[in-house]
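Q: Hi, could you walk me through this one slowly? I would like to start with how the chains sit together and then look at a few details.

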Amino acid sequence: MFDGRAPIYLQIADRIRTEILDGTLQEGEQVMSTTQYATTYRINPATAAKAFAQLVDEGVLHKRRGLGMFVSPGAHDQLLEDRRSRFFAEVVDPVVEQARVLGIPIQDVVTRLTSDVPLGATPPRPEEEGTS
Amino acid sequence: MSTHPVTLDRPTPRPRAAHLHTARHMVRGHLRLIGWFAVIALVVITVAILTRFAFGQPQESMAQFGRQALVWFPFSIAIGAVSSYLPVHVASGMTRRSYTAGVLLGTAVLTAGFAAGAAVVLLLERGVYQVAGWSHGISEWDPLYRSVTQVHLVLADHVALTGTAMVAGLLVGTTYYRYGPWVGTLSLPLTVGPLVVVLWVLPYLGAEHGWTVTQHLLATAAIIAALAGVFAVLIRDITVSTRS
Amino acid sequence: MSTTTGSTTTGSTSMGVELRGLTVRFGSTTALDAVDLTIPAGTVCGLLGRNGSGKTTMLSVLAAFRRPTAGAVLVDGEDPWENPRVLQDVCLVRESGDVLADLPMRENLAYVAGARPRFDADVAGALMDRFELDPAKRPDRLSRGQRSAFGVVVGLASRTALTLLDEVHLGMDAPSRYAFYDALLEEYVAHPRTIVLSSHLIDEVQRLLETVVILHRGGVLLTEDAETLRGRGVSVTGPAEAVEEFTAGHQVLSRQQLGRTVQAMIHGEVPPEAAARAVASGLELGPVDLQDLFVHLTAEGPR
């Protein structure tokens with residue numbers, strides 16, 4: 001909810017989710033321990049543990065006694081589904097809202113998204129003017 | 001950056017020995033200073049003898065006049081033992097009780113060392129005088145001994161002087177540490193007074209009333225005990241200063 | 001020599017703290033006024049407060065540097081005053097440093113090693129290297145930052161179950177401070193213990209903390225889990241009326257107006273539904289930095 005400077009444990013949890021999504025962390029692979037997290041990122045180990053606990057609750061990670069934390073089987077697909085379901089609400093809707101505030105017709109946004117303009121290039125300036 | 005190996009060869013004492021810990025460090029910590037003191041004392045005495053020799057054959061001990069140094073040097077060491085060892089002792093997780101015990105023990109050891117060292121100096125001087133064929137007279141009227149061959153009396157005399165000086169020094173250091181410079185200074189008559197009594201009043205009283213050596217030493221011991229008692233009471237609930 | 005094994009009297013390696021009605025007065029000043037506080041064993045606790053808020057006094061009482069005027073102090077369930085079992089496992093490091101200033105640091109470490117049952121000389125040596133301290137040097141020949149660093153060496157290598165670090169990082173330069181934070185965490189995870197870190201510079205230390213205690217004018221303003229505390233400040237930006245409506249019933253720490261837009265900072269929990277409604281009605285919600293929260297909570301004036 002509070003984007004930007006969210007609590008650290010949420011940021012850690014997010015980082016691990018992203019690593020699983022982009023394949024940096026494979027299913028069945030061991031994740032860093034809370035103590036490694038603590039010393040690597042200069043955070044209190046309890047904070048790292050809180051992030052892990054959340055991911056264990058979600059079924060993304062599981063604990064193997066005496067060994068550590070591992071990425072659960074199916075975690076990748078689960079996260080993918082979750083992120084997809086939130087994609088429109090979190091990514092697309094703000095774009096639509098911005099376009100509305102700026103007076104950019106939705107059609108222009110769609111055109112932009114479906115055109116084969118390379119990402120990051122300047123969009124073609126609309127010929128028509130004054131959308132007021 | 002090179003590595004600096006930190007070697008700590010001494011075994012860790014159990015906490016029960018906390019007083020021994022600080023006593024040992026207090027004695028060892030001053031060894032170098034005492035060494036310098038001994039060197040300077042020997043040089044001064046030698047120069048004094050040679051100077052005296054220029055005016056003719058010496059008739060008396062020169063080292064006997066060094067008794068004052070036997071008072072004021074240990075006195076200054078004891079003053080410093082409060083502000084230097086008290087905070088470190090408590091900060092290292094040891095009690096005030098063990099600090100008091102440790103510092104009094106350290107004081108006793110240093111007193112014995114000073115007393116014996118000064119006796120050795122007197123005997124050495126007498127040896128030199130004998131070889132030179134001079135008479136080793138004791139002209140001061142207040143020492144307990146009339147000749148340095150009375151070694152037990154020489155030692156008793158030194159212990160009484162240095163012991164009182166050191167315990168008075170501890171008290172001075174404590175009043176300054178605990179109450180600050182004003183009260184520390186204003187209470188000097190009380191803290192140093194007993195030392196003045198031992199140095200100059202007891203000899204007079206003793207001479208007046210014909211005290212024996214034992215009586216003299218008992219009176220001194222009572223004064224030392226009283227000073228040590230007040231020291232212990234002041235340390236018992238002392239605050240380790242938060243002034244840096 | 002490495003770790004002292006089998007220290008006979010020591011049990012747990014972390015000691016908790018409990019204060020009940022702790023009051024400390026110096027003459028007519030009251031430094032701590034009826035403080036009740038619990039610091040759980042095994043946590044890194046941040047003791048935050050402005051200068052003169054009572055941080056040093058509280059730590060001094062915990063380490064038996066001074067006696068309280070009234071109230072109960074319990075460290076590992078016992079009064080630390082003149083208590084050898086507790087005190088051998090409590091270490092207070094102050095910025096001024098309680099060392100034998102005219103003896104080389106090597107001898108200072110030997111002194112501490114003899115007094116601390118868990119002292120680890122290897123850790124001390126490694127930390128000396130890390131802070132680039134030469135054991136042959138005397139503390140009175142060191143810069144302020146180096147003295148602080150030496151205090152940290154003593155504090156961490158002593159491995160005491162309750163380690164109190166009072167503003168130790170203030171004199172250090174940035175690289176030394178980061179070396180300190182790293183060393184603190186490494187030592188803490190390797191040998192868990194209770195660490196109380198007092199500071200008024202919150203930005204750098206906040207991530208190290210598990211719990212936060214804020215002292216203000218001799219009292220405890222709040223005790224909170226650090227992560228929770230971070231989530232408890234909310235800044236609201238938007239049209240004046242909407243902001244007023246949203247903040248009604250909350251503790252408002254600050255309020256700034258720019259034209260018709262108001263930015264307010266509130267302290268307290270905002271339920272997700274309320275937050276969602278606020279966002280829908282055009283308000284912008286954001287987190288509050290712990291430092292900002294602290295500054296506003298401890299601002300002088302009416303509270």
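This is a predicted model: local features need pLDDT of at least 70, side-chain atom pairs count only at pLDDT 80 or more; totals for chains, interfaces and linings use all residues.

Q: OK, so which chains have the most contacts between them?
A: Two pairs of chains touch, and of these the pair made by chains B and C has the most contacts.

Q: And how far apart are the closest C-alpha atoms of chain A and chain B?
A: They lie 23 Å apart, and no contact joins chain A and chain B.

Q: While we are on chain A, what is it built from?
A: Chain A holds five helices and two strands, and if you read along the sequence they come in the pattern α-α-α-β-β-α-α.

Q: What share of chain A counts as buried?
A: Of its 132 residues, 20% count as buried. As for the contacts in chain A between residues at least 6 apart in sequence, 53% of them join residues at least 24 apart.

Q: Switching to chain B, at what angle do α1 and α4 pack?
A: Helix α1(B), residues 18-29, and helix α4(B), residues 96-132, pack at about 40°, with their axes 7 Å apart. The crossing in which α1(B) passes α4(B) is right-handed.

Q: Which residues of those two helices meet?
A: On the α1(B) side they include Leu20(B), Ala23(B), Met26(B) and Val27(B), which belong to a group that meets residues of α4(B), among them Tyr99(B), Val103(B), Leu105(B) and Val109(B). Taken by type, the residues of this contact divide into 11 nonpolar, six polar and no charged.

Q: Now chain C, what is the strand order in its six-stranded open sheet?
A: The order is β5-β6-β7-β3-β8-β9, and the pairing is mixed. At the edges are β5(C), residues 90-94, and β9(C), residues 219-225, each of which pairs on one side only. Neighbouring strands of this sheet are turned by 15° against each other on average, with direction ignored.

Q: In what sense do β3 and β7 of chain C pair?
A: Strand β3(C), residues 44-49, and strand β7(C), residues 194-199, pair in the parallel sense over five bridges, and Gly46(C) stands opposite Leu197(C) in β7(C).

Q: Last one, which strands does helix α5 of chain C lie across?
A: Helix α5(C), residues 144-157, lies across β5(C) and β6(C), and runs at about 170° to β5(C).

Note on methods:
Residues are numbered from 1 along each chain as its sequence is written. Chains are lettered from A and ligands numbered from 1 in the order in which they are written. Two strands pair if DSSP finds at least two bridges between them. Helices (H or I, at least four residues) and strands (E, at least two) are DSSP runs, numbered from the N terminus. Axes are lines fitted to C-alpha atoms, for helices over the stretch in contact, and angles run from 0 to 180 degrees between N-to-C directions. Two residues are in contact if their C-beta atoms, placed from the backbone, lie within 7 Å. A residue is buried if 20 or more other C-beta atoms lie within 10 Å of its own, exposed if 12 or fewer, and partly exposed in between; C-beta atoms are placed from the backbone. A crossing is left-handed if the near helix is turned anticlockwise from the far one by less than a right angle, and right-handed if clockwise. Ala, Val, Leu, Ile, Met, Phe, Trp, Tyr, Cys and Pro count as nonpolar, Asp, Glu, Lys and Arg as charged, and the others, Gly among them, as polar.
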